[in-house]
Amino acid sequence: NIGAGRLAREGYVNLDRFPASPNVLYWDFRNPLPVDSSSTIHIHCEHFIEHLEHPQAIALLQEFARVLAPGGTLRLICPDAGLYIQAYVNGDTQFFRSLERLGGAAQPFTQPVEVINQMFRMSGSHRYAWDIPSLQSALTASGFEAIQTSTIGDPQLGGEMDGTDDWRRIESLYLHARRAG
């Protein structure tokens, strides 16, 4: 469980750079994962990859492919930049109203561009915005196949570990991929 934060799960090795519970181990993700090659059957990575610069994120995806056994699976969840851009272009005020306190904003955002800036920047902690095509391409280049879109809590594709905050279902993309080989 990569970037576990408060979502530590039993039966998983929960890693985070800022452990939020005693069940989460510290790890600096600029280093290789502390796991043997081809030794893992599933990785859950939720709302973490957007906190890495693009080259670090690509290196982490390659690490996921290294530690997963052939046929092992990855569930990857992050904010969907495509949803924000589409909502802005379409003038979808309901989308932006539903995210007016994104990231725990003390004052509600009143303009769509304020919400967009919050997602893209998150007070400086977000480093790269992903959409489905960009992640699919990065996963394929890193050695993954059978890349599928999914939804929150999808029981067929590892969704039992998904966080359930209301904002996740509104603004997140959900991908499931299998390591080639």
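## Salt bridges, strands and a helix

The side chains of Arg 30 and Asp 28 meet in a salt bridge, with N and O 2.6 Å apart. A salt bridge here is a side-chain nitrogen of Lys or Arg within 4 Å of a carboxyl oxygen of Asp or Glu. Side chains of opposite charge can pair when their charged atoms come close. Arg 30 is exposed, with a relative accessible area of 52%, whereas Asp 28 is buried at 12%. Buried means under 20% relative accessible area, exposed means over 50%, and partly exposed is in between (1.4 Å probe, protein chains only).

Before we go on, a word about the model: it is predicted, so local features need pLDDT of at least 70 and side-chain atom pairs count only at pLDDT 80 or more, while totals for chains, interfaces and linings use all residues. Residues are numbered from 1 along each chain as its sequence is written, and side-chain values use heavy atoms, leaving out hydrogens and water.

How many salt bridges does a search of the whole structure find? It finds seven. Here are three of them.

| Salt bridge | N to O distance |
|---|---|
| Arg 30 and Asp 28 | 2.6 Å |
| Asp 162 and Arg 75 | 2.7 Å |
| Arg 168 and Asp 165 | 3.0 Å |

Let's look at Asp 162 and Arg 75, which form a salt bridge. This pair links distant parts of the chain, 87 residues apart: Asp 162 is in the loop between strand S5 (144-149) and helix H6, and Arg 75 is in strand S4. Helices (H or I, at least four residues) and strands (E, at least two) are DSSP runs, numbered from the N terminus. Asp 162 is buried, at 4% relative accessible area, and Arg 75 is buried too, at 0%.

Next come Arg 168 and Asp 165, whose side chains also meet in a salt bridge. Salt bridges that share partners join Glu 46, Asp 165 and Arg 168 into one network. Arg 168 is buried at 6% relative accessibility, while Asp 165 is partly exposed at 28%. Glu 46 lies in strand S3 (residues 40-46) and is buried, at 6% relative accessibility. Its side chain makes a polar contact with the side chain of Arg 168 at 2.8 Å. A polar contact is a pair of N or O atoms within 3.5 Å; within protein, one must be able to donate a hydrogen and the other to accept it, and residues adjacent in sequence count only if both atoms are side-chain atoms.

S3 and S4 pair in the parallel sense over six bridges, and Thr 40 stands opposite Leu 68 in S4. S4 and strand S6 (residues 172-179) run antiparallel, joined by seven bridges, with Thr 73 opposite Arg 178 in S6. Two strands pair if DSSP finds at least two bridges between them. Nine of the twelve residues of S4 are buried, so S4 is largely enclosed by the rest of the structure.

Finally, visit helix H2 (residues 81-89), where Ala 81, Tyr 84 and Ala 87 are buried. Seen down the helix axis, the buried residues of H2 fall within an arc of 135°, so they line one face of the helix; the arc is that of the directions from the axis to the C-beta atoms. Asp 80 caps the N-terminal end of H2, with a side-chain oxygen 2.9 Å from the backbone nitrogen of Gly 82. Just after H2, Gly 91 takes a positive phi of about 65°.
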